[in-house]
Amino acid sequence: MSDPDVLADFDEALTDTDRIVSGIKPGQWSVPTPCAGLDVRAVLGHLVTGQLVFISRVQGLPVPDRAADPLGDDPAAAFRRSGQGLRLAFG
C-alpha cells in the first residue's frame, strides 16, 4: 500500500519541476549549468533517465539504455511522460 503523503509530495515535486521545464525556451537547452560538463538538456536527460530506470526497477523490467537520448524532439513532453509513468509505477 502506498503512503498518500509521499505520493502527494511526489505529485507536488512533479508539478513544480514541470513548471520549470515548461519554461525552458528553445535557445536555453544548451546553456551550461552548475553541474560540471552538463548543459540544461543533459541535466533534464539525466533526470528523465533516472525516472525511466526507477520505472523499470519497480515493474521488474530491463533497465533502459542509459546512453540513449531519452528526450527526443520534445524534452518537456519526455519529462511529463516519464514522470507520469513513475507516478503510476509508485502508485
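**Contacts, helices and charges**

Mentor: Start with the contacts. In the protein, of the contacts with a separation of 6 or more, 59% are between residues 24 or more positions apart. Keep in mind that this is a predicted model.

Trainee: What does the secondary structure come to?

Mentor: Three helices and zero strands. From the N terminus on, the order is α-α-α.

Trainee: And what box do the C-alpha atoms fill?

Mentor: Roughly 45 × 30 × 25 Å, taken along the principal axes.

Trainee: How many of the residues count as buried?

Mentor: 27% of the 91 residues. The accessible surface is about 6,000 Å². Carbon and sulfur atoms hold 60% of that surface.

Trainee: Switching to charges. How many salt bridges are there?

Mentor: The count is four. Take arginine 87 with aspartate 11 as one of them. Their closest N and O atoms are 2.6 Å apart.

Trainee: Where do those two lie?

Mentor: Arginine 87 is in helix α3, and aspartate 11 is in helix α1, residues 4–22.

Trainee: Is arginine 87 buried or partly exposed?

Mentor: Partly exposed, at a relative accessible area of 25%. Buried would need a value under 20%. Aspartate 11 is also partly exposed, at 29%.

Trainee: Which residue does aspartate 18 form a salt bridge with?

Mentor: Arginine 80, with the closest N and O atoms 3.2 Å apart. Aspartate 18 lies in helix α1 and arginine 80 in helix α3, so this pair ties together parts that are 62 residues apart in sequence. Arginine 80 is partly exposed, with 32% relative accessible area.

Trainee: What about aspartate 16, which partner does that one have?

Mentor: Arginine 19. The closest N and O atoms there are 3.1 Å apart.

Trainee: Are aspartate 16 and arginine 19 exposed or partly exposed?

Mentor: Aspartate 16 is partly exposed, at 34%. Arginine 19 counts as exposed, at 54% relative accessibility. The cut-off for exposed is over 50%.

Trainee: Why would such side chains pair at all?

Mentor: Side chains of opposite charge can pair when their charged atoms come close.

Trainee: How far apart are the mean positions of the positive and negative charges?

Mentor: 4 Å, for 8 positive and 12 negative charges.

Trainee: New topic. Which residues make the nonpolar surface patch?

Mentor: Phe54, Val58 and Phe90 make a patch of about 270 Å². Phenylalanine 54 sits in helix α2. With a relative accessible area of 49%, phenylalanine 54 is partly exposed.

Trainee: Why partly exposed rather than exposed?

Mentor: Because 49% does not get over the 50% that exposed requires.

Trainee: Last one. Where is the place of alanine 67?

Mentor: In the loop between α2, residues 40–59, and α3, residues 75–90. Alanine 67 is exposed, at 74% relative accessible area.

Trainee: And how far is alanine 67 from threonine 49?

Mentor: In sequence, 18 residues. In space, 9.1 Å from C-alpha to C-alpha.

Terms used: Residues numbered from 1 in each chain as written. Predicted model: local features only at pLDDT ≥ 70, side-chain atom pairs only at ≥ 80, totals over all residues. Heavy atoms only, no water. Helix = DSSP H or I, 4+ residues; strand = E, 2+ residues; numbered from the N terminus. Buried < 20%, exposed > 50% of the residue type's maximum accessible area, 1.4 Å probe, protein only. Contact = heavy atoms within 4.5 Å. Areas by Shrake-Rupley, 256 points an atom, 1.4 Å probe, with all protein chains shown as cover. Lys, Arg positive; Asp, Glu negative; His and termini not counted. Charge placed at Lys NZ, Arg CZ, Asp CG, Glu CD. Patch = residues over 30% accessible without salt bridge, like charges linked within 9 Å, V, L, I, M, F, W, Y side chains within 5 Å. Salt bridge = Lys/Arg side-chain N within 4 Å of Asp/Glu carboxyl O.
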